[in-house]
Amino acid sequence: MIELKITGVQTICMRVPYAESQRVKSALGTWNHRNGMFLLIQTDEGITGLGEIFSNFPQWSHYEKEASVHCGLKPLLLGEDPLDMEGIRERVTGKLERIGLQWGGIGIANQILSGLDIALWDLRGKVEGRPVFALLGQSTRRVPVYCSGLGPDRVVESARRLLDRGVDAFKLKIGMDRAQDLQNLSALRRLIGPDRMLMADVNQGWDLQTALEMAPLLEAFQLHWVEEPLRADDVKGLEVLVKTTSLRIAGGENLYGEDFERHLSRGWLQVCQPDVTKCGGITRMLEIAAVAARYGVEVAPHFFANGVGYAATMHVMDAVGAKRMEYDHGGNPMKDSCIIGAGAVEHGTVPVPQGPGLGISLNEEEIAKYRFVPYAV
């Protein structure tokens with residue numbers, strides 16, 4: 001295997017403005033624009049690893065992460081061997097997580113580490129000439145998806161487009177208005193019929209009392225899961241919901257480190273949803289999936305961002321034992337046109353890129369349309 005050294009760490013920050021009718025709404029707030037942040041790990045042999053750092057929300061998240069990458073991560077990487085993945089993870093994770101605790105930014109630290117880990121896997125695959133899924137001991141061609149991001153407006157119209165493309169599972173955003181939530185759930189269940197899978201995502205929007213009031217109202221819709229009904233750190237509330245309702249609770253996109261072991265060991269989650277761009281990357285996702293398997297909990301990776309993380313999620317699906325991948329129904333050029341090699345939904349599935357590493361490349365011309373610099377370094 002060739003010897004490499006890291007010679008550069010580059011970020012690509014993007015922003016796609018939304019028209020009023022396109023804005024994404026959830027219990028957390030409204031997205032007036034959509035963010036994207038790719039991480040490039042460059043080497044002396046001209047081989048570059050691609051990663052993605054979560055930057056969806058809040059809308060200002062680019063700024064803190066751009067500064068953290070260039071001031072915190074980059075000095076730790078220059079001159080290092082990118083194929084020494086275990087050594088880099090040990091050194092960099094130890095440093096950034098301690099800083100994160102001091103700073104109160106443990107989530108930001110983990111999201112930056114996620115981008116790094118994805119990029120290192122991509123780079124290793126390119127060096128070995130194998131896809132990431134093959135490095136993980138898997139063999140896969142297509143991944144079934146479920147439609148995500150529906151609601152609160154134009155629910156039936158949006159769902160029908162993917163229903164016509166063979167998608168047979170749907171997730172609706174709720175938690176903003178009770179009457180509208182129930183109306184949307186009813187309309188969506190009528191559209192897809194009684195046998196297709198339906199889920200609901202509250203985005204941490206309820207307190208315990210509201211969740212207890214909503215639980216019996218949701219039973220008629222035969223929900224496969226209810227995602228983040230409470231704040232992710234409301235462990236007392238989660239315990240009450242698990243013990244006193246029939247809700248099948250999903251969560252994990254906003255958990256970090258030992259949170260997964262705690263939630264899974266105590267039965268607070270029936271579906272585990274780590275996000276490859278948040279939890280610590282591919283390596284950490286595999287570890288989380290192993291913990292979930294130990295407790296007999298279904299793994300359904302969260303992903304609602306852009307093209308590099310989209311490809312990374314595809315590559316880990318088989319390795320973590322997941323059955324369906326989350327697929328954002330809305331148009332997103334940072335997932336689609338800015339990336340070369342990631343396909344669209346056909347017959348309810350998406351093709352897994354088959355080239356070395358993540359099997360994708362960047363469309364620089366398209367990226368230039370949305371690129372901006374949030375932080376001068």
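**Note on helix packing and local backbone features**

1. L113 lies in helix α3. The model in which it is described here is a predicted one. With a relative accessibility of 5%, L113 counts as buried, the cut-off for that class being under 20%. Leaving aside residues up to four places away in sequence, L113 touches V92, T93, L96, E97 and G280. Two of these contacts, V92 and L96, also belong to the set of α2 residues that meet α1. From L113 to M317 the separation is 204 residues in sequence and 20 Å in space, C-alpha to C-alpha.

2. Helix α3 (residues 106-128) also packs on helix α10 (residues 281-294), their axes coming within 6 Å and crossing at roughly 100 degrees. Angles of 65 to 115 degrees count as roughly perpendicular, and α3 and α10 are therefore roughly perpendicular to each other. On the α3 side the contact is formed by S114, D117, I118 and W121, and on the α10 side by G281, I282 and T283. By class, these residues comprise 3 nonpolar, 3 polar and 1 charged.

3. The pairing of helix α1 (residues 61-77) with helix α2 (residues 85-103) has another geometry: the axes come within 10 Å and cross at roughly 150 degrees. Since angles over 145 degrees count as roughly antiparallel, that description applies to α1 and α2. Their crossing is right-handed. From α1, the residues S68, G72, L73, L76 and L77 take part, and they meet I88, V92, K95, L96 and W103 of α2. This contact has 7 nonpolar, 2 polar and 1 charged residues.

4. In helix α7 (residues 208-218), the buried residues are A211, M214, A215 and L218. They span an arc of only 120 degrees around the axis, and so they lie on the same side of α7. Among the elements covering the buried residues of α7 are α6 (178-192), β9 (226-227) and α8 (235-244).

5. N184 is found in helix α6. Its relative accessible area is 10%, so N184 is classed as buried. Not counting residues up to four places away in sequence, N184 touches P152, V155 and L172.

6. One joins F57 and P58, with omega about 0 degrees, and P58 is found in the loop between β5 (48-52) and α1. The other runs from G151 to P152, with omega near 0 degrees.

7. Positive phi values occur at two residues other than glycine. R154 has phi near 50 degrees and is found in the loop between β6 and α5; E228 has phi near 45 degrees and is placed in the loop between β9 and α8. In general, most residues other than glycine have a negative phi. Is each of these residues buried or partly exposed? R154 has a relative accessible area of 43% and is therefore partly exposed, whereas E228, at 6% relative accessibility, counts as buried.

Definitions and conventions. Residues are numbered from 1 along each chain as its sequence is written. This is a predicted model: local features need pLDDT of at least 70, side-chain atom pairs count only at pLDDT 80 or more; totals for chains, interfaces and linings use all residues. Side-chain values use heavy atoms; hydrogens and water are left out. Axes are lines fitted to C-alpha atoms, for helices over the stretch in contact, and angles run from 0 to 180 degrees between N-to-C directions. Helices (H or I, at least four residues) and strands (E, at least two) are DSSP runs, numbered from the N terminus. Angles under 35 degrees count as roughly parallel, over 145 as roughly antiparallel, 65 to 115 as roughly perpendicular and the rest as oblique. A crossing is left-handed if the near helix is turned anticlockwise from the far one by less than a right angle, and right-handed if clockwise. Contact means heavy atoms within 4.5 Å. Ala, Val, Leu, Ile, Met, Phe, Trp, Tyr, Cys and Pro count as nonpolar, Asp, Glu, Lys and Arg as charged, and the others, Gly among them, as polar. Buried means under 20% relative accessible area, exposed over 50%, partly exposed in between (1.4 Å probe, protein chains only). The arc is that of the directions from the helix axis to the C-beta atoms.
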